[in-house]
Amino acid sequence: MSAAPFDLQPGQVSISPLLQKLAYPTEHLRVDAADIASAFALIFEDRLSAIQTAALLTLLHSTGRDRDAEVIAKCSHRMREAASQVDRPTLKRAIKARGKKEGSYKGGLCDIVGTGGDSHSTFNISTTSSIIASPIITMAKHGNRAQTSFSGSADVLNAISPVPPKISAVNAENLAQVYEETSYAFLFAPNFHPGMMYANPVRRALGLRTIFNLMGPLANPVDWAIEARVVGVAYQSLGPVFAEALRQNGCKKAMVICGEEDLDEISCAGKTNCWKLTEYPNPAYKGSADGDTSSDEDEHLVPRTLVKFETFQLQPSDFGLPTHPLTAVYGRKMPKDNAAKIMSILRNELPRDDPILSFVLMNVAALLVISGVCDSDTSNMGPGDDGQVITERGPGGGRWKEGVRRARWAIESGAALKCLEGFIEVTNKLQ
């Protein structure tokens, strides 16, 4: 039989030695995470054959290396490197012009995203939460079409009526332009990760969950500008793994969440396990607040801040909300149905005790707390804000009820709907 079908194409390289090490591991030949990431990066350049891509993804899964924090961190870094790059100075200026600093929130971009794959098929919580949070913090929601659910974030946004946002028009070249007009942006993954076209046929043919199913939450193409994020994971063992991967990638303000039902959201039905990263001043740092140090040597050797890791549990009562069974928030519907529900929420048409509304409010509140905006002892969000900050702190030291108060204001004042309408308007003007 001819070997021609398996021959390397021009420009492709062989990773057979790495595959052999993964397939037959020994104590003395453990594969380094950096080597795995280097091979992984070849996929985005179309320099790896389909058969070796399939072998790499399958071996990472079967050996459990795709659930190794260092492997996830380094592979996500290479994926972001291969993404379409946004001009940093231009984007920084656009973000700074929004002037959203409050509490310990410095005005940077924020994201809320889940791994999916939890088999619960709940409503589009992270997408809805990202819109509701946008009047208060600047959002860069990274997402894609449905992979493991009935209605993915891109699917539900495309189904908004009467005029949906033109998410396919937002790209690395015009992202700053979007932020000039609104504090909400949806970063449609295929527009920013063109190299994924080489991996998608293999992923579909394999039909099993691979490391790519875990990469979305860590592959935001403007990761360098993300100040705070909430990441939902589909099962408990991934919690500390993702927290460590985020830490290794330089993240200083994040919370990884997993409902006790193995839900990649804060659960409305009971307890949610949380793994939080928090930035705090390094007492050994001798520089001034503006970043000047006593010497160049100190600047390179002593970081200005350190990152604290802690775990705790949250439940609806910590947010001042009742519990609801997950059956009350199932989203096993077509995107148009979920889009209609999102618009009902944004138009403040649901009762204040609606189960889906409560579910959304908790997740918005979590993001607002992690961003640091709820640390402020004053509040002047705009018309309809009574300024009565809820200072009560709950598990993990968070002002979870204050997060709910601010989330309700974003809905009831119409501010969240206005942000979405701004995004719809600007994207439909893009060429």
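**Second Largest Pocket and a Helix Pair**

Author: In this predicted model, helix 5 gives the most to the lining of the second largest pocket, namely four residues.

Reader: Which elements each supply at least two residues of that lining?

Author: They are helix 4 (69-82), helix 5 (88-98) and strand 4 (226-232).

Reader: What makes a residue part of the lining of a pocket?

Author: A lining residue has an atom within 4 Å of a point of the pocket. The second largest pocket, with a volume of about 720 Å³, is lined by 26 residues, and the closest to its centre are Asp223, Trp224, Ala225, Ile226 and Glu227.

Reader: How many residues of each class does the lining have?

Author: The lining of the second largest pocket has 12 charged, eight nonpolar and six polar residues. Asp and Glu count as charged, so Asp223 and Glu227 in this lining belong to the charged class.

Reader: Which domains does the lining draw on?

Author: At least three residues come from each of domain 1 (15-82) and domain 2 (88-285 + 301-429).

Reader: How are two packed helices described?

Author: The description uses the angle between their axes and the distance between the axes. For helix 2 (residues 33-44) and helix 4, the angle is about 30° and the axes are 9 Å apart. Their crossing is right-handed.

Reader: How do you know that residues of helix 2 meet residues of helix 4?

Author: Contact means heavy atoms within 4.5 Å. Residues of helix 2, including Ile36, Phe40 and Phe44, meet residues of helix 4, among them Val71, Cys75 and Met79. By class, this contact has 11 nonpolar, one polar and three charged residues.

Methods:
Residues numbered from 1 in each chain as written. Predicted model: local features only at pLDDT ≥ 70, side-chain atom pairs only at ≥ 80, totals over all residues. Heavy atoms only, no water. 1 Å grid on protein atoms, 1.4 Å probe; cavity = no way out; pocket = protein on both sides within 12 Å on 5 of 7 lines; lining within 4 Å. Points joined across faces, edges and corners; volume = space filled by probe spheres on them. Domains from an automatic or database assignment. Axes fitted to C-alpha atoms, helices over the stretch in contact; angles between N-to-C directions. Left-handed = near helix turned anticlockwise from the far one by under 90°.
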